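Reader: I have a new structure open. Can you walk me through it?

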Amino acid sequence: MTNVTEKRFPNVKDAVAFEVAFAPFVYSYGNVGWDEYERYACTRCNYMEQFADFLAPKSECRKKDGAILQSYEYGVSIEIHDLLIENFDITEEDFRPIRNKAGDIVFFQITPQHIMLPLSDVNRVRKLKPCKKCGSVEYRIKDNKTKEDWEYYYISRETLDDLHDINRTYEEFEMHRPMYLVSRRVYDFLTERYPRMAFAPFFLKEKE
Ligand SMILES: [Zn+2]
């Protein structure tokens, strides 16, 4: 099976880090509202915080390797969670369980603990005005796009040297959500086994 990221980016062999960009969607139960796992931390800027595990039926997660959750966070299968912890510098802290209503773990949300250095050194990143109530800041990043409209980004040597196997960006973007990045070796490991898992590449760029 073709690696979907390779198909989108013929030069992917030159990429040095990868943003998680899984496409399948995992919905919660029809009668579970977002307020059962998220609440407003600030009512002025709508900053949301997650206070409980995301809930999803087992049938929603079946046959999915990686997925975007209805909460716009990302998740991986139990099998992938186990493989990542076994083979990489990744720990239980980098995940949060996703449960069904019976309380069984059915999938894992990724919650990377390592915060990267800012991406603004080699990308066009704009900082919005801080929230007047809570002081939180959102950023916008100018995507670079292939002819077919697939997004990719840049990373500096300094930021790459500081990269862990799984990471969150320093910047929070739309809806106060960071990007999640994995190292080259995690990408290679996953896409060899699960070629349908999609990522957006980061290419090395020297600071000017
Ligand atoms: Zn706020």
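Reader: Let me start with a helix. Which exposed residues sit on the face of α5 turned away from its buried side?

Author: Those are R185, D188 and E192. Keep in mind that this is a predicted model.

Reader: And which residues of α5 are buried?

Author: V186, Y187 and L190 are buried in α5. Looking down the helix axis, the buried residues fall within an arc of 100°, so they line one face of α5.

Reader: What do the buried residues of α5 pack against?

Author: Four strands: β1, β13, β14 and β15.

Reader: Which sheet is that? What is the strand order?

Author: The order is β11-β12-β15-β1-β14-β13. That makes an open sheet of six strands, and the pairing is mixed.

Reader: Which strands stand at the edges?

Author: β11, residues 144-145, and β13, residues 166-168. Each has a single partner strand, so one side of each is left without a neighbour in the sheet.

Reader: How does β11 join β12, parallel or antiparallel?

Author: Antiparallel, through two bridges. Strand β12 covers residues 151-155.

Reader: New topic. What about the five-strand sheet, what is its order?

Author: It runs β2-β5-β6-β8-β7. This sheet is open and its pairing is mixed. The edge strands are β2, at 25-26, and β7, and each pairs on one side only.

Reader: How do β6 and β8 pair?

Author: In the antiparallel sense, over two bridges. β6 is residues 74-76 and β8 is residues 105-110. V76 has F108 in β8 as its bridge partner.

Reader: Which helix lies across β5, β6, β7 and β8?

Author: That is α3. It runs at about 55° to β8.

Reader: Now the inside. How many residues has the largest nonpolar core?

Author: It has 43. The residues with the most contacts inside that core are F18, V20, I110, L181 and F199. β8 gives the most to this core, with four residues.

Reader: Tell me about I110. What does I110 touch, leaving aside its neighbours within four places in sequence?

Author: Its contacts include V20, Y74, V76, F95, I166 and Y180.

Reader: Why do nonpolar side chains end up together?

Author: In soluble globular proteins, nonpolar side chains tend to be buried together.

Reader: Is D89 buried, exposed or partly exposed, and why?

Author: D89 has 14 C-beta neighbours inside 10 Å, so it counts as partly exposed.

Reader: How far is D89 from E206 in space?

Author: 27 Å, C-alpha to C-alpha. In sequence, D89 and E206 are 117 residues apart.

Reader: Which non-glycine residues have a positive phi?

Author: N46 is one of them, with a phi of about 60°. H176 also has a positive phi of about 60° and is not a glycine.

Reader: Where are N46 and H176 found?

Author: N46 is in the loop between β3 and β4. H176 is in the loop between β13 and β14.

Reader: Last, the whole chain. How many helices and strands?

Author: Five helices and 15 strands. The radius of gyration is 17 Å, close to the 17 Å of the globule rule for 208 residues, so the chain is as compact as a globular protein of that length.

Reader: What share of the residues is buried?

Author: Buried residues make up 31% of the 208.

Notes
Residues numbered from 1 in each chain as written. Predicted model: local features only at pLDDT ≥ 70, side-chain atom pairs only at ≥ 80, totals over all residues. Pairing = 2+ DSSP bridges. Buried ≥ 20, exposed ≤ 12 C-beta atoms within 10 Å, placed from the backbone. Arc of directions from axis to C-beta. Contact = placed C-beta atoms within 7 Å. Axes fitted to C-alpha atoms, helices over the stretch in contact; angles between N-to-C directions. Rg over C-alpha atoms; globule rule 2.2 N^0.38 Å. Core = buried A, V, L, I, M, F, W, Y, C linked by C-beta atoms within 7 Å.
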